[in-house]
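Subject: Structure handover

Hi,

Here is the structure I promised to pass on. Please open it first, then read my notes below.

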Amino acid sequence: MMKNTRKLMTGPVILALATGLYGLYPAMAQDRPIEGKQGLGKLPNVRPAGTNTPTPSPSASPGASPSPRPSGTPTAGPSPRPVPTLSPTPSATPSGTPTPYPTPSPSPGATPVQEAVVNWSVADAGDLLAAIMAIGDEGLFPADYQPDALRAAIKAGAGDALDQQASKSFAWLVEDLRDGRTPMTARVQWFAVDPDQDDNPTTALMQRATTNHDVPGTLAGLAPTYPDYAALKEALAATPKAQTKLRDAIRINMDRWRWLPRDLGPVYLITNVPEFQLRLAVNGRNIRTYRTIVGKPGRTATPQLAEKVEAVVFNPTWTVPQSIVVGEGLGQQLLARPRAGYKVTRMEDGSLQVVQQPGNANSLGRMKIDMPNPHAIYLHDTPSKKLFDATVRAFSHGCIRTDRAVELGMTMAILGAGMSQEDAVATFEAGKYKKVPMTRTFPVYLTYVTYGRDINGTLAGFNDLYGRDGPVLDSFRAPRALHTTQRKSNEEVIKLDNPL
């Protein structure tokens with residue numbers, strides 16, 4: 001087995017991948033840190049995840065179509081390209097229906113965001129009104145930003161009334177463009193904290209827009225840079241108003257991109273849970289993709305996170321959860337009949353600790369990519385390789401099982417810890433536990449996109465595996481909720497450390 005592994009992992013795969021990344025992102029070669037800053041039902045012709053062959057991200061030209069609320073009467077502009085044709089995807093549950101989550105409640109102590117009031121000229125307020133009336137292009141709803149009240153204030157002329165209304169309308173528009181319109185109470189299992197409001201505070205943006213007399217430019221600088229956002233914006237402009245479900249799906253997922261950092265960083269890992277795919281990307285371009293296995297719907301569903309790869313573990317051990325050691329009686333069984341590959345230790349308090357030793361049968365496989373977080377979620381290998389051939393791959397207790405994880409782990413060790421290709425292969429083949437800390441951290445995003453580009457760059461729909469579209473769509477159909485100081489879901493943090 002080791003001999004075959006050496007043949008696979010040396011030579012062109014790792015070396016070419018590492019060399020290509022160094023070439024695409026010179027800062028890596030210069031030793032600089034890498035930092036990253038159920039309501040729709042079944043969509044027509046939703047298609048499954050594509051093959052595992054990525055293509056460079058195509059550029060997208062933004063459309064120009066005002067987009068009303070889902071319940072309103074859409075207005076469609078000219079179509080820059082045909083609406084994509086999609087094919088069906090199998091359901092992730094036997095009944096064919098996603099498993100919905102209850103809508104989270106507000107966090108205790110969360111208060112509405114209060115923004116400053118600045119002086120507005122009539123001309124700048126007019127530019128703001130024009131931006132509001134065109135905001136449907138971004139999948140948002142003009143009525144949310146009180147255009148009638150702003151129009152009346154402009155007509156009355158400069159003064160306190162204009163300052164108050166323009167400041168309010170601008171602040172609300174900035175919050176939705178920068179952070180997303182969906183309130184935190186509708187973002188189920190969303191634990192990825194977006195730093196954009198810290199990097200670009202609303203008051204500073206308002207002052208910049210009014211001082212430079214550039215409201216359009218200030219607002220334009222808030223759109224996500226991830227290529228999928230531009231592709232969705234173009235698709236929204238191209239989708240006929242009669243296709244309400246598709247237009248809603250596009251809006252929902254445009255907003256999801258606003259929940260993440262505007263710039264994901266130059267080098268990052270990103271997995272889309274409903275697509276069952278992981279991407280290694282450089283400057284928004286997919287360099288490598290990997291099939292994944294994600295959490296089963298329900299309590300073990302994979303949460304959405306934004307973390308950093310801090311270490312790679314070659315030949316990991318697995319500390320068996322007490323739910324199995326005690327709840328399933330594994331500890332006593334192993335004491336009575338020791339089994340190769342497991343070490344049982346009686347702790348000072350009398351409890352039993354069971355640790356599965358490194359090897360091909362280890363539940364984490366031969367590689368673990370460590371991204372410390374309260375949920376105990378990480379990327380890892382698996383001995384159950386045949387499960388990657390399933391179309392719907394929701395089998396885990398929350399962690400992301402990754403196809404070709406050894407290749408990915410070695411790549412991270414080479415690029416993030418400065419290991420040589422030879423040392424990475426030798427460390428792996430030694431068969432012993434080895435944790436390699438990163439000297440350059442890589443952002444890793446666990447996202448939930450039900451409509452977007454697949455790994456081949458083609459717009460596609462993905463089954464709403466966990467029923468998370470419904471709360472977002474419901475929030476779109478309701479009046480805009482005031483943004484609060486809450487930054488992530490306040491749902492229970494479930495420690496999902498069982499890879500079985």
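In strand β8 (residues 367-370), M367 and I369 point one way, while K368 and D370 point the other way. All of them are buried, meaning under 20% relative accessible area; exposed means over 50%, and partly exposed lies in between (1.4 Å probe, protein chains only). Strands here are DSSP runs of E with at least two residues, and helices are runs of H or I with at least four, numbered from the N terminus.

A word on the source: this is a predicted model, in which local features need pLDDT of at least 70 and side-chain atom pairs count only at pLDDT 80 or more, while totals for chains, interfaces and linings use all residues. Residues are numbered from 1 along each chain as its sequence is written, and side-chain values use heavy atoms, with hydrogens and water left out.

**Around β8**

Strands of a sheet pair through backbone hydrogen bonds, either parallel or antiparallel. Two strands count as paired if DSSP finds at least two bridges between them. β8 pairs with strand β4 (residues 305-314) in the antiparallel sense, over four bridges. F314 has M367 as its bridge partner in β8. V313 stands opposite K368. β8 also runs antiparallel to strand β9 (residues 379-380), joined by two bridges. There, I369 stands opposite L379.

Now follow β4. Seven of its 10 residues are buried. It pairs with strand β12 (residues 434-447) too, antiparallel, over nine bridges. In β12, K435 is the bridge partner of V313.

**The core**

In soluble globular proteins, nonpolar side chains tend to be buried together. A nonpolar core is a set of buried Ala, Val, Leu, Ile, Met, Phe, Trp, Tyr and Cys residues joined through side-chain atoms within 4.5 Å. The largest one has 55 residues. Those with the most contacts inside it are L269, V294, F314, L379, M410, M412 and L465. Helix α14 gives the largest share of this core, eight residues.

What does L379 touch, leaving aside its neighbours within four places in sequence? It is in contact (heavy atoms within 4.5 Å) with L269, L278, K368, I369, M371, I400, T402 and V444.

**α14 to α15**

G418 sits in the loop between α14 (405-417) and α15 (421-429). G418 counts as exposed because its relative accessibility is 52%. R440 is 22 residues away from G418 in sequence, and 8.9 Å away in space, C-alpha to C-alpha.

The buried residues of α15 are Q421, A424, V425, T427, F428 and E429. T427 counts as buried because its relative accessible area is 18%. Not counting residues up to four places away in sequence, T427 touches F314, N315, M419 and K434. Just after α15, G431 takes a positive phi of about 75 degrees.

**A three-stranded sheet**

An open sheet has the order β5-β7-β6, with antiparallel pairing. Its edge strands are β5 (318-319) and β6 (342-346), each pairing on one side only. Two bridges join β5 to β7 (residues 352-356).

**The largest cavity**

Its lining residues are Y226, D228, W257, I270, N272, E275, R279, T447, V449 and R453. On a 1 Å grid over the protein atoms alone, a cavity is a set of points where a 1.4 Å probe fits but cannot get out, and lining residues have an atom within 4 Å of a point.

Best wishes

How values were computed. On a 1 Å grid over the protein atoms alone, a cavity is a set of points where a 1.4 Å probe fits but cannot get out, and a pocket is an open set with protein on both sides within 12 Å along at least five of seven lines; lining residues have an atom within 4 Å of a point.
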